[in-house]
Amino acid sequence: MASPKIQPFTPIVPMIYAYTTPEIKRHDGWIKIGYTDKQTVQERIKQQTHTADVRAQLEWQDNAMYKDGSGEYFHDTDFHNYLTRQKGVEKQGDAKNEWF
């Protein structure tokens, strides 16, 4: 008899991602940077775009873990702050906007 597979938890892998919306003219040159830890990157992007019938193009995704070997994770807001404060990257619209 095979042993039952018991999975007391679902592993969570925090992800950081970036996508563009090529068919939206006012977003030309801008990229959306987001974070997810509850679903896949593709599912999260679909949540953000499908009701508006906007086609999104995934540009990049990676684990949201610092590359310094600490094993610590970061959120998209940490990455946003890094881009604007340390790299001088311009943010589109108001402070709550996630388009760069």
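Predicted model: local features only at pLDDT ≥ 70, side-chain atom pairs only at ≥ 80, totals over all residues.

**Entry 1: Gln92.** I started with the side chain of Gln92, where a polar atom lies 3.4 Å from the backbone oxygen of Arg26. Residues are numbered from 1 along each chain as its sequence is written, and side-chain values use heavy atoms, with hydrogens and water left out.

Gln92 sits in the segment after α2; helices (H or I, at least four residues) and strands (E, at least two) are DSSP runs, numbered from the N terminus. Is Gln92 buried or exposed? Gln92 is buried, at 12% relative accessibility; the cut-offs are under 20% for buried, over 50% for exposed and partly exposed in between (1.4 Å probe, protein chains only). I then listed the contacts of Gln92 (heavy atoms within 4.5 Å). Setting aside neighbours within four places in sequence, they are Arg26, His27, Trp30, Asn97 and Trp99.

**Entry 2: salt bridges.** How many salt bridges are there? I count three, taking a side-chain nitrogen of Lys or Arg within 4 Å of a carboxyl oxygen of Asp or Glu. Lys32 and Glu98 pair at 2.5 Å, N to O. Lys32 belongs to strand β2 (residues 32-36) and Glu98 to the segment after α2 (76-86), so this pair ties together parts that are 66 residues apart in sequence. Lys32 is buried at 6%, whereas Glu98 is partly exposed at 23%.

Asp37 and Lys38 form another bridge, at 3.2 Å; Asp37 is partly exposed at 25% and Lys38 is exposed at 71%. Asp62 and Lys67 meet at 3.1 Å, with Asp62 partly exposed at 27% and Lys67 exposed at 64%.

**Entry 3: a backbone angle.** Most residues other than glycine have a negative phi. I noted Asp53 for its positive phi, near 55 degrees. Asp53 is in the loop between α1 (41-49) and β3 (57-63), and is exposed at 65% relative accessibility.

**Entry 4: aromatic rings.** I find six aromatic pairs, where rings of Phe, Tyr and Trp (its six-membered ring) pair if their centres lie within 6.5 Å; planes under 30 degrees apart count as stacked, over 60 as edge-to-face and the rest as tilted. One of them is Tyr66 with Phe74, tilted, at 5.2 Å centre to centre and 55 degrees between the planes. Tyr66 is partly exposed at 37%, while Phe74 is buried at 10%.

**Entry 5: cores.** Phe74 turns up again in the largest nonpolar core, along with Ile16, Ala18, Ile33, Tyr35, Ala64, Leu83 and Phe100. Such a core is a set of buried Ala, Val, Leu, Ile, Met, Phe, Trp, Tyr and Cys residues joined through side-chain atoms within 4.5 Å. The elements giving two or more residues to this core are β1 (15-20) and β2. I also checked Ala64: beyond four places in sequence, its contacts include Pro14, Met15, Tyr35 and Phe74. A second, separate core has seven residues, among them Tyr17, Tyr19, Trp30 and Val41.

Definitions and conventions. Polar contact = N/O pair within 3.5 Å; in protein donor to acceptor, adjacent residues only side chain to side chain.
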